[in-house]
Amino acid sequence: MTDVLKELTTILEQRKGASPDTSYVAQLHHKGLNKILEKVGEESFETVLAARDAELDPVHKKSLIGETADLWFHTLVMLSHLNLTADDVLDELARRFDMSGLEEKASRIKD
């Protein structure tokens with residue numbers, strides 16, 4: 001895991017138990033999984049819109065990077081809420097290195 005992901009994972013775990021009055025992450029955990037999922041969905045949509053805008057006009061690429069960062073952040077909060085980490089996702093991506101995307105997709109249909 002990159003240093004940024006390691007640091008963020010540590011911070012997210014620390015703030016998980018913090019007071020909702022002092023931490024946005026704690027507020028999300030306090031409100032529960034549905035609120036976290038709502039934020040992931042919202043950030044996903046905003047990322048899609050930013051990507052569309054960036055394709056039409058490269059000046060929007062900075063916005064796309066910001067929206068993607070928001071999406072990744074809220075996804076990491078979701079994983080943290082479920083006692084998972086970025087390492088779990090990175091391990092899964094690494095597992096897929098030796099197979100084609102089509103092969104990997106076909107294996108999921110059988111599961």
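Helix 1 (3–16) gives the most to the lining of the largest cavity, with three residues. Helices here are DSSP runs of H or I with at least four residues, numbered from the N terminus. A cavity is a set of points on a 1 Å grid over the protein atoms alone where a 1.4 Å probe fits but cannot get out, and a lining residue has an atom within 4 Å of a point.

A quick word on where this comes from: it's a predicted model, in which local features need pLDDT of at least 70, side-chain atom pairs count only at pLDDT 80 or more, and totals for chains, interfaces and linings use all residues. Residues are numbered from 1 along each chain as its sequence is written, and side-chain values use heavy atoms, with hydrogens and water left out.

Back to the cavity. The structure holds one cavity of 30 Å³ or more, and the volume of the largest cavity is about 50 Å³. Volume here is the space filled by probe spheres set on the grid points, which are joined across faces, edges and corners. Around the largest cavity sit Thr-9, Leu-12, Glu-13, Leu-76, Ser-80, Leu-84, Thr-85 and Ala-86. By type, the lining splits into four nonpolar, three polar and one charged. For that count, Ala, Val, Leu, Ile, Met, Phe, Trp, Tyr, Cys and Pro are nonpolar, Asp, Glu, Lys and Arg are charged, and the others, Gly among them, are polar.

Now the open space. A pocket is an open set of grid points with protein on both sides within 12 Å along at least five of seven lines. The largest one comes to about 240 Å³, and its lining is made of Leu-5, Trp-72, Thr-75, Leu-76, Leu-79, Ala-86, Val-89, Leu-90 and Leu-93. Helix 4 (61–81) and helix 5 each bring at least two residues to that lining. Eight of the lining residues are nonpolar, one is polar and none is charged.

On to the charged side chains. A search of the whole structure turns up seven salt bridges, each being a side-chain nitrogen of Lys or Arg within 4 Å of a carboxyl oxygen of Asp or Glu. Among them are these:

| Pair | Closest N and O atoms |
|---|---|
| Lys-35 and Glu-38 | 3.0 Å |
| Glu-43 and Lys-39 | 3.7 Å |
| Glu-92 and Arg-95 | 2.6 Å |

Take Lys-35 and Glu-38: they're three residues apart in helix 3 (residues 33–56), so about one helical turn separates them. Lys-35 is partly exposed at 25% relative accessibility, and Glu-38 is partly exposed too, at 45%. The cut-offs are simple: buried is under 20% relative accessible area, exposed is over 50%, and partly exposed is in between, using a 1.4 Å probe and protein chains only.

Glu-43 and Lys-39 also lie in helix 3, four residues apart, about one turn of the helix. Here both partners are tucked away: Glu-43 is buried at 4%, and Lys-39 is buried at 13%.

Glu-92 counts as partly exposed at 26%, as does Arg-95 at 45%. Elsewhere, salt bridges that share partners join Lys-39, Glu-42 and Glu-43 into one network.
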